[in-house]
Amino acid sequence: MANLLWLQGGACSGNTMSFLNAEEPSACDLVTDFGINVLWHPSLGMELGENLQKMMKALVSGEIPLDIFVFEGSVVNAPGGTGEWNRFAGRPMKDWVADLAKVSNFVVAIGDCATWGGIPATAPNPSDSVGLQFLKRAHGGALGAGYRSKAGLPVINVPGCPAHPDWITQIVVAVATGRAGDLSLDEFQRPKTFFTSFTQTGCTRNMHFAYKVSATEFGQRKGCLFYDLGCRGPMTHSPCNRILWNRQSSKTRAGMPCMGCTEPEFPFFDLAPGTVFKTQTVMGVPKDMPTGVDKTGYIKLTAAAKAASPAWAEEEIFVV
C-alpha cells in the first residue's frame, strides 16, 4: 500500500480533469488494482478544515508515511516571498510544499505549472510563480536544484497543459510498484519513456511536412501545420501522436497546431498577439527550426521537396 497525497497550487485544475479521464490505467485502477491509498486530492478528498490540517501535520511529522507527493500548479511566492497569495490549510502552500517534499519518498510534478511555472510564470509573473524544481529552463524552482526525495530522486516532471492522463497514471503506478529505479529522466527530469520522441512522430501529416505542402487554416484535412500556422510538433518532446488523446486523436490530427506545451519555454513568445498560431519567419525561413535541422539544410531541403511533391499531396485524402 502506497500513500499518495495530491495538492494543487496556482493552477486551473486542468491536470486533475485530465487525470480523472485516464484509461490505462484509470484513476480507479490505481486504488483497486495497484493498492494506492489516496490520502487526499483537492477534487476527491473528504477531509475539511481541522481534520485536513491534522492529517497534513501528521504527514509532515512522519506519523503518517508519505510515499508519493503529487503536485499540480505553480508554487506561488507573492507577495514579497511570503506565499500569502496562495494559502492552504492555515498556511502558505509554498511552506506545505517545502515540508512535504522533505518527508516524501517520491515527488511528482504534474503539468507545466508544477514543472516549469507554466502560464502563471509568464512575464511579468505578478504571482512570482515557479515550478517545483525549475523556472522555465532554469534549474532551481521552489525546492532548489539540489533537491532529492527520500528515495534519492529529483522531482519527476510530467509536463503538459494538461499532461496526458495516461502519462500521469502510468508514472504514478511505476513509482508505487517499486519501479521508480527503472525510470530514466532527461535533462529536464521528464521520463524518457514518454519524452524522447517528438510530437511529430506518428503525425499523419508527415508526408505534407516532407513535401512542404502547408495547411493555411485550422481544421484543414491536408497540409503540414508547421510552415504557416506555428506548429511546434517537430521541436516538441511528447508522444501525443503515438499515445492518442481519448484513444482517438491529437491536436495535429484534428487540424490544430501543436503549441509545444511539454517544453520549458511554453507559452512561447509570451503569448504576444500574432505569434501563437503563426510561424515566425525571416525571409521565408522559420526562426525556430525542427530539431537537428540547420537553416542552410532547410533551404536546400525545401527546394528539393517542392520539386518532388506529387499531385496527390495537395488532395484532401483524410476522411476522419
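The UniProt record, in an unreviewed entry, places the feature "domain: Cytochrome-c3 hydrogenase C-terminal" at residues 198-267; such positions follow the numbering used here, feature names are shortened, and annotations may be inferred rather than shown by experiment. The structure is a predicted model, in which local features need pLDDT of at least 70 and side-chain atom pairs count only at pLDDT 80 or more, while totals for chains, interfaces and linings use all residues. Residues are numbered from 1 along each chain as its sequence is written, and side-chain values use heavy atoms, with hydrogens and water left out. Over residues 198-267 the chain is 14% helix and 0% strand, with 18 Å between the end C-alpha atoms (helices, H or I of at least four residues, and strands, E of at least two, are DSSP runs numbered from the N terminus).

For "binding site", UniProt (unreviewed entry) lists Cys 240, Cys 258 and Cys 261. These residues span 22 residues in sequence, yet no two of their C-alpha atoms are more than 10.9 Å apart, so they gather at one spot. Cys 240 sits in the loop between helix 9 (226-229) and strand 12 (281-282), and Cys 258 is likewise placed in the loop between helix 9 and strand 12. Cys 240 is buried at 15% relative accessibility, and Cys 258 is buried at 9% (buried means under 20% relative accessible area, with a 1.4 Å probe and protein chains only). Leaving aside neighbours within four places in sequence, Cys 240 is in contact (heavy atoms within 4.5 Å) with Trp 167, Thr 199, Trp 245 and Ser 250.

Asp 166 lies in helix 6 (residues 165-176) and is buried, at 2% relative accessibility. Its C-alpha atom is separated by 9.5 Å from that of Ala 27, 139 residues apart along the chain. Not counting residues up to four places away in sequence, Asp 166 touches Ala 22, Glu 23, Glu 24, Pro 25, Phe 194 and Arg 247.

Helix 3 (residues 49-61) and helix 4 (residues 93-103) pack at about 45°, with their axes 8 Å apart (axes are lines fitted to C-alpha atoms over the stretch in contact, and angles run from 0 to 180 degrees between N-to-C directions). Helix 3 is therefore oblique to helix 4 (angles under 35 degrees count as roughly parallel, over 145 as roughly antiparallel, 65 to 115 as roughly perpendicular and the rest as oblique). Met 56, Lys 57, Leu 59 and Val 60 of helix 3 meet Trp 96, Asp 99, Leu 100 and Val 103 of helix 4.

Note on methods:
Buried < 20%, exposed > 50% of the residue type's maximum accessible area, 1.4 Å probe, protein only.
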